[in-house]
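Let's take a friendly walk through a protein model, one feature at a time. Keep the 3D view open and look for each residue as it comes up.

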Number of protein chains: 2
Amino acid sequence: MAASTLTEVARLAGVSPATASRVLNGSARKPGKDIADRVRQAADSLGYIPNAQAQGLAKSSSGLIGLIVHDIADPYFAAIARGVQEAAREQRKMVLLATTEGAPADEKEAVAAFAARRADSIVIAGSRSSRSEDQEGNADLAAELDRYCRNGGQVGVVGHPVVGATAADGYHVLPVPNEELAASLAVELAASLDDDFVIIGGPEGLFTSDDRIRGFQRGLGKAGRPAAEVLRSAFNRSGGYEAGLALAAGIKASRSEDGGTAAGSSKRICIFAVNDVMAIGAAAALRSEGLRIPRDASIAGFDDIETLRDFRPALSTVHLPLEEIGRLATRSASGAGPGAGTGDDGPPSAITGKVTLRRSTETAA
Amino acid sequence: MAASTLTEVARLAGVSPATASRVLNGSARKPGKDIADRVRQAADSLGYIPNAQAQGLAKSSSGLIGLIVHDIADPYFAAIARGVQEAAREQRKMVLLATTEGAPADEKEAVAAFAARRADSIVIAGSRSSRSEDQEGNADLAAELDRYCRNGGQVGVVGHPVVGATAADGYHVLPVPNEELAASLAVELAASLDDDFVIIGGPEGLFTSDDRIRGFQRGLGKAGRPAAEVLRSAFNRSGGYEAGLALAAGIKASRSEDGGTAAGSSKRICIFAVNDVMAIGAAAALRSEGLRIPRDASIAGFDDIETLRDFRPALSTVHLPLEEIGRLATRSASGAGPGAGTGDDGPPSAITGKVTLRRSTETAA
DNA sequence: CTGTTAGCGCATTCAG
DNA sequence: CTGAATGCGCTAACAG
């Protein structure tokens with residue numbers, strides 16, 4: 001038994017399909033009140049559900065928003081996804097999810113799939129990359145996006161533009177002040193701590209990571225501190241853990257150099273991990289090596305992931321309004337259609353974050 | 001400039017649309033190698049992307065899987081979503097996301113929306129509820145699901161069947177042994193701890209919560225312990241926090257009764273929170289009241305949320321293969337079509353969890 | 001093996 | 001204000 005169609009509803013109501021369509025969906029013209037009721041009644045007596053595919057075909061617009069993330073189980077993306085979902089709901093649209101592990105080739109596939117479904121807009125949340133291994137994928141992705149935009153699609157990208165994407169109509173970037181915020185974090189940290197700074201970053205070429213590293217170094221410079229050493233590892237918890245292990249070894253080594261008992265003589269280090277999840281991993285590594293925070297090392301992250309806020313010692317970090325980022329990116333990809341003229345998308349709706357110092361970077365006391 | 005169509009490709013290749021369709025999509029019959037190449041070349045010279053809406057209309061199947069969760073930012077659902085996504089990828093389908101905050105009325109809307117999009121299957125991940133305020137919503141949801149199934153849709157539900165749903169063809173439930181596992185947890189805890197047990201549960205009527213409470217009590221009974229008192233609050237972090245606050249007050253009160261200095265004379269309590277997120281909230285509350293875990297109270301959760309594993313003291317819990325749950329629920333809603341006969345969906349593919357005791361429930365030492 | 005014909009379910013011209 | 005006709009882009013029966 002197939003779902004009932006508009007035609008069936010019309011027949012039952014004794015009207016034409018056109019009329020039925022007009023009453024059941026918001027048409028410009030309002031049919032007569034009496035006949036409208038008949039149609040509506042017939043509709044739900046049959047349990048009529050409009051076929052969105054057919055509607056989409058006829059109107060060429062699908063009510064779909066495509067969302068691309070690296071990993072939906074990563075709390076960073078999950079939070080953004082929630083914002084996207086909210087915005088979608090406001091627009092009475094549904095969100096189509098694609099996860100790509102950050103591979104531009106997969107992202108290109110996702111864009112093509114969204115285009116095939118005639119998604120009204122696409123939101124790309126994952127960090128852009130300029131790594132050489134991603135060159136080709138990036139080019140393909142850029143081309144696919146370009147085509148999508150040329151066909152009237154809207155895209156909203158969080159953070160940085162896709163590498164190589166021509167600033168087409170309908171292509172919007174929501175800037176995130178990663179660099180500025182990281183600089184502020186460095187300045188605040190430098191003001192209260194005497195520690196030597198070390199950075200745990202993601203792979204070189206990951207924009208989000210690179211921005212935060214650059215900003216942090218700049219802030220350090222502004223505070224009259226030397227640039228920090230940078231350890232590179234995976235942009236996730238285990239990357240943080242590995243780097244943390246290496247740092248722990250270093251801390252222990254420098255201590256024994258200072259002579260066994262003079263435990264306080266070597267300077268404490270302050271670790272800046274470019275995101276909270278890496279910071280937590282690093283903290284776990286230090287702990288597993290018998291080191292304590294903030295006694296033996298201080299540590300700060302970035303993002304202010306909600307689920308991690310109960311972690312002890314409380315993690316110093318930079319708060320980012322993740323949910324709002326998702327919302328804004330989605331809205332930016334829904335505004336004026338192509339040919340709006342000025343190329344300006346109304347108020348830039350800038351994202352603002354906030355340095356949030358907590359126990360993990362207190363002085364050793 | 002609209003996207004190019006199959007007809008355009010066909011014209012450019014000098015063949016009929018039917019032939020073009022046959023080569024570009026997997027048809028049973030294979031066109032001649034020479035002509036196939038011409039079509040393929042024409043296709044990507046035009047940047048042809050098939051219109052999934054039109055395909056769906058013609059084939060009446062959309063390649064879409066609908067996923068319903070309470071909140072995508074909740075790590076429990078995020079983990080399941082990842083599993084669903086994986087399974088979807090295996091089937092070369094995309095996932096449509098709907099979040100409902102657990103309201104059956106919204107879930108009904110979501111099902112209708114999925115039905116409108118002709119989703120091939122629907123996965124419902126959120127806990128079922130039998131609360132009176134959800135009665136009406138449940139009935140509507142059940143009716144909507146029933147209709148969806150009758151029209152050939154497949155649905156997979158995690159945990160418990162939707163209240164009132166008639167076991168239609170295409171309706172599959174993936175059981176999660178919440179009760180058994182909670183019982184095992186109680187037994188293991190009772191074996192190593194002398195504590196008095198207290199349970200922090202979600203609102204009465206939430207199946208997942210109720211199952212875990214019931215199981216825990218049963219385990220307690222089996223171990224010769226009296227039933228635990230049950231505190232009810234919201235099924236999330238703040239619910240846990242509030243309940244934790246109440247418990248902290250109780251702990252302090254009973255201590256002062258025992259006389260100020262005899263801090264060890266009143267028995268320690270062991271808190272079982274029905275999920276990890278609530279447990280973390282409760283732990284935070286205790287801590288904020290100056291209590292320490294496991295010294296002043298022990299605590300255990302349920303789910304073994306990955307992001308929470310670095311929490312200290314490490315949380316005792318019951319490990320659940322969340323990702324696999326998502327995968328299996330998705331697969332169960334993709335197997336044999338309607339009319340398969342036996343009503344049996346092959347191997348029950350049972351979910352198994354594992355009691356995982358960690359520091360938060362060690363003896364006070 | 002290919003081309004032609006006919007819908008899939010709906011929105012939207014047009015005519016009445 | 002209503003009904004009949006046309007087409008969205010594609011697939012699946014037919015015919016050649």
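Are R268(B) and D195(B) buried or exposed? Both R268(B) and D195(B) are buried, where buried means under 20% relative accessible area, exposed means over 50%, and partly exposed lies in between (1.4 Å probe, protein chains only).

## Before we start

This is a predicted model, so local features need pLDDT of at least 70 and side-chain atom pairs count only at pLDDT 80 or more, while totals for chains, interfaces and linings use all residues. Residues are numbered from 1 along each chain as its sequence is written, chains are lettered from A and ligands numbered from 1 in the order in which they are written, and side-chain values use heavy atoms, with hydrogens and water left out.

Let's return to the opening pair. R268(B) and D195(B) form a salt bridge, with their closest N and O atoms 2.7 Å apart. A salt bridge here is a side-chain nitrogen of Lys or Arg within 4 Å of a carboxyl oxygen of Asp or Glu. R268(B) sits in the loop between α10 (237-257) and β8 (269-273) of chain B, and D195(B) in the loop between α8 (178-192) and β6 (196-201) of chain B, so the pair ties together parts that are 73 residues apart in sequence. The helix and strand names come from DSSP runs (helices are H or I, at least four residues; strands are E, at least two), numbered from the N terminus.

R268(B) is also one of the residues touched by A297(B); the others are I251(B), I269(B), L286(B) and R292(B), not counting residues up to four places away in sequence. Touching, or contact, means heavy atoms within 4.5 Å. A297(B) belongs to strand β9 (residues 297-300) of chain B and is buried, with a relative accessible area of 1%.

## Where the two chains meet

Chain A and chain B bury about 4,800 Å² between them, 55% of it on carbon and sulfur atoms. Buried area is the accessible area (1.4 Å probe) that two parts lose on being put together, summed over both. The contact takes 54 residues from chain A and 54 residues from chain B. Q53(A), M94(A) and D310(A) supply 15% of the area that chain A buries against chain B, more than any other three residues.

## Salt bridges across the interface

Side chains of opposite charge can pair when their charged atoms come close. The count over all chains comes to 52 salt bridges, and 6 are found across the interface of chain A and chain B. One example joins D310(A) to R237(B), with the closest N and O atoms 2.7 Å apart.

D71(A) forms a salt bridge with R82(B), at 2.6 Å between the closest N and O atoms. This pair crosses between chains, from the loop between β1 (64-69) and α5 (75-90) of chain A to helix α5 (residues 75-90) of chain B. The side chains of D71(B) and R82(A) also meet in a salt bridge (2.6 Å, N to O). R82(A) counts as partly exposed, at 25% relative accessibility. A network of salt bridges links R82(A), E86(A), E323(A), R327(A) and D71(B).

## Spaces inside

How many cavities of 30 Å³ or more does a search of the whole structure find? The search finds 4. A cavity is a set of points, on a 1 Å grid over the protein atoms alone, where a 1.4 Å probe fits but cannot get out; lining residues have an atom within 4 Å of a point. Grid points are joined across faces, edges and corners, and a volume is the space filled by probe spheres set on the points.

The largest cavity has a volume of about 80 Å³. Its lining includes Q53(A), R117(A), Q53(B) and R117(B). The second largest cavity holds about 60 Å³ of space, and among its lining residues are D310(A), F311(A), D310(B) and F311(B).

Most residues other than glycine have a negative phi, and most peptide bonds are trans. R92(A) has a positive phi of about 55° although it is not a glycine; R92(A) is exposed, at 75% relative accessibility. The peptide bond from R312(A) to P313(A) is cis, with omega near -5°. Another cis peptide bond joins I293(B) and P294(B), with omega about 0°.

Terms used:
1 Å grid on protein atoms, 1.4 Å probe; cavity = no way out; pocket = protein on both sides within 12 Å on 5 of 7 lines; lining within 4 Å.
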